[in-house]
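Please keep the sequence and the structure in view while reading.

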Amino acid sequence: MASLQQRLDEFKKSFESGAPPYNAPYEAIETMHRATAELKATGIEERALKVGHRAPSFTLFNQDHAQIESTDLLRHGPLVVSFFRGHW
Amino acid sequence: MELEALQQIYADVRGLGAQIVVITPELERYTRALHKKLNLSFDILTDLHLKIAEQFRLVFTLPDYLRDLYKSFGSSLDRFNDEPEYRLPMPARYVIDEQGIIRAADVNADYTIRPEPAETLRQLRSLSAAAAD
């Protein structure tokens with residue numbers, strides 16, 4: 001099976017071709033590229049927490065409105081935390 | 001796509017004694033629907049107003065011109081995330097050990113690049129191998 005990045009790249013290629021079903025205008029694609037380049041240039045990636053840092057603990061609600069505590073999860077083993085911007 | 005890819009490694013992650021959580025600014029009423037639709041085995045946690053993403057230093061504000069573009073596509077971040085300022089987290093994946101220390105970090109300002117789940121599994125395996133020594 002194709003890797004996640006291969007599938008994302010396929011989608012990106014299709015989107016940026018400007019063809020159906022997305023019909024993305026060239027100017028829109030340029031705008032997105034510009035925003036990404038500007039964000040990278042701010043150095044924000046270097047400021048994010050890194051290997052060796054202590055991870056902030058958190059208490060958040062899950063999709064069923066149950067309260068989840070990171071300290072509870074870590075009692076049972078390592079934790080993978082993926083930040084997702086949403087599907088909007 | 002990323003959530004489905006994480007679902008595919010879920011059994012292996014659990015087999016290594018680890019767990020997965022996804023953190024998003026998206027409101028619970030939307031995460032509930034998404035969780036159900038994708039039939040996920042791990043939790044999606046709502047990070048209201050990006051309080052936790054801020055602590056990981058992942059938050060940025062969409063520039064006005066991009067906000068306008070997304071609005072013209074019909075995307076409404078303010079509705080899904082209750083983020084009138086259009087702030088977002090960078091995509092990031094962390095592996096945290098039982099002591100709460102970050103052992104792997106993959107952060108990219110380019111949202112079209114996501115860490116490979118197979119790589120996350122490799123990181124967990126090396127962590128459990130180190131713990132067994």
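How many helices and strands does chain A have? Chain A has four helices and three strands, where helices (H or I, at least four residues) and strands (E, at least two) are DSSP runs numbered from the N terminus. This is a predicted model, in which local features need pLDDT of at least 70 and side-chain atom pairs count only at pLDDT 80 or more, while totals for chains, interfaces and linings use all residues. Residues are numbered from 1 along each chain as its sequence is written, and chains are lettered from A and ligands numbered from 1 in the order in which they are written.

Read from the N terminus, the order of elements in chain A is α-α-α-β-β-α-β. Chain A is more spread out than a compact globule, because its radius of gyration is 19 Å, well over the 12 Å that the globule rule gives for 88 residues. The radius is taken over C-alpha atoms, and the rule is 2.2 Å times the number of residues to the power 0.38. Along the principal axes, the C-alpha atoms of chain A fill a box of roughly 50 × 30 × 30 Å.

The contact with chain B takes 49 residues from chain A and 73 residues from chain B; two residues are in contact if their C-beta atoms, placed from the backbone, lie within 7 Å. On the side of chain A that touches chain B, α2(A) supplies the largest share, seven residues.

Strands also pair across the two chains: β3(A) runs parallel to β1(B), residues 19-24, over five bridges. Pairing requires that DSSP finds at least two bridges between two strands. Within this arrangement, S82(A) stands opposite V22(B) in β1(B).
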